[in-house]
Amino acid sequence: MKQQLIIGTRSSPLALWQAEFTKAELSRQFPDLDIQLKLVKTTGDVLLDSPLSKIGDMGLFTKDIEKHLLAGEIDLAVHSLKDVPTETPEGLMLSAFTEREDTRDVVISKNGDTIKQLKPNAKIATSSLRRTSQLLSMRPDFELGDIRGNLNTRFQKFDESDFDAMLLAYAGVHRLNFGDRISEILPYELMLPAVGQGALGIETRIDDNETREIVKVMNNQNSEFCTKAERALLRHLQGGCQIPIGAYATYTNGTLHLSAFVGSVDGKRTLRDEVTRDSVTEASQAEQAGIDLAEALLARGANEILAEIRKTC
Ligand SMILES: NCc1[nH]cc(CCC(=O)O)c1CC(=O)O
């Protein structure tokens, strides 16, 4: 039995919260294990401060930590699952999908306005194509801009800016105790979250059976099936580009339900569809539901929307 376990994490306050949470859970279940955190600076963190950077679902937050994992300098990596690319590097695997926090997005507005209440042509901060597309499809009048940095920095910059509102994930806002700043929790009918939003993905080396066995206690089957369905959908659609796509799965009494959205960045073309599968008992069935929904979206015109986006990415 292993005596020491080293967790690799980014050093942002949210990443540290998530790594400390993982450490606490593992310590509770394995009291004799010596668990240490190792902070890793990632390309994504460096680029956060550069205004020209285009950061997104390209593994910029995960690649550097994965190098440390492959080199054996850390035993496991704790990521926000939504920042983890759908293709995992050779030799590594996601060994646990934690129970999800509320997966919805939230509006933080200066005077407490909801999306509907915000004034015409309000200035909204978001850098995500997914949020941009869904937001503009509801409110084409909004002027969108960008606030960069980790969550704490974004709150600080937002308060000093002339933005009227910003959009964030409930999970991060709640974990860092900014919950009292939430003006509206966006219902799934208006805003589908990012694939994997609200869950942590715990990554290990494939050949490290001992660590895999230990981190299994963090796995939540419901979360695993739901996020695997969402990730299979994304893998089937994305083709190396950051695209405006949202998805949300539930898994109750053996029934998996998956909703998804694909849209143009300007929000003028949007597609939504869903699939329900009964008697799901294996992760592979959940993944198949994701692939089938992706195919249905492609057949209904997602391929044209995506082709347009790929021209510029
Ligand atoms: N892309 C940044 C990121 N990665 C994970 C979270 C929050 C935690 C989560 O959504 O799981 C955030 C911030 C945000 O989108 O508001």
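Analyst: The shell around the ligand draws at least three residues from domain 1 (1–98 + 199–219) and at least three from domain 2 (105–185); these bounds come from an automatic or database domain assignment. The model is a predicted one, in which local features need pLDDT of at least 70 and side-chain atom pairs count only at pLDDT 80 or more, while totals for chains, interfaces and linings use all residues. Residue numbers start from 1 along each chain, following the sequence as written.

The residues surrounding the ligand are S80, K82, D83, L151, L168, A169, A171, G172, Q197 and G198, where a residue counts as near a molecule if its C-beta atom, placed from the backbone, lies within 6 Å of it. By class, this shell holds 4 nonpolar, 4 polar and 2 charged residues. In that scheme Ala, Val, Leu, Ile, Met, Phe, Trp, Tyr, Cys and Pro are nonpolar, Asp, Glu, Lys and Arg are charged, and the others, Gly among them, are polar.

Two elements, β8 (165–169) and α6 (170–175), each supply at least two residues of the shell. Helices (H or I, at least four residues) and strands (E, at least two) are DSSP runs numbered from the N terminus. Strand β8 belongs to an open sheet of 5 strands with mixed pairing, in the order β7-β6-β8-β5-β9; two strands pair if DSSP finds at least two bridges between them. The edges of this sheet are β7 (143–145) and β9 (184–185), each of which pairs on one side only. Between β6 (residues 123–125) and β7 the pairing is parallel, over 3 bridges, and A125 has G145 in β7 as its bridge partner.

S80, also one of the residues around the ligand, stands opposite L200 in β10. Strand β3 (residues 76–80) and strand β10 (residues 200–205) run antiparallel and are joined by 5 bridges. Both are part of a second open sheet, in which 5 strands follow the order β2-β1-β3-β10-β4 with mixed pairing. Its edge strands, β2 (34–39) and β4 (92–97), each pair on one side only. Neighbouring strands here are turned by 30° against each other on average, direction ignored. Across β1 (4–9), β2, β3 and β10 lies helix α1 (residues 13–29), running at about 160° to β1. Axes are lines fitted to C-alpha atoms, for helices over the stretch in contact, and angles run from 0 to 180 degrees between N-to-C directions.

The domain assignment also gives domain 3 (220–313). The C-alpha centres of domain 1 and domain 3 lie 25 Å apart. In contact are 9 residues of domain 1 and 9 residues of domain 3, contact requiring C-beta atoms, placed from the backbone, within 7 Å. On the side of domain 1 that touches domain 3, the residues divide into 4 nonpolar, 4 polar and 1 charged.

Key: Two residues are in contact if their C-beta atoms, placed from the backbone, lie within 7 Å.
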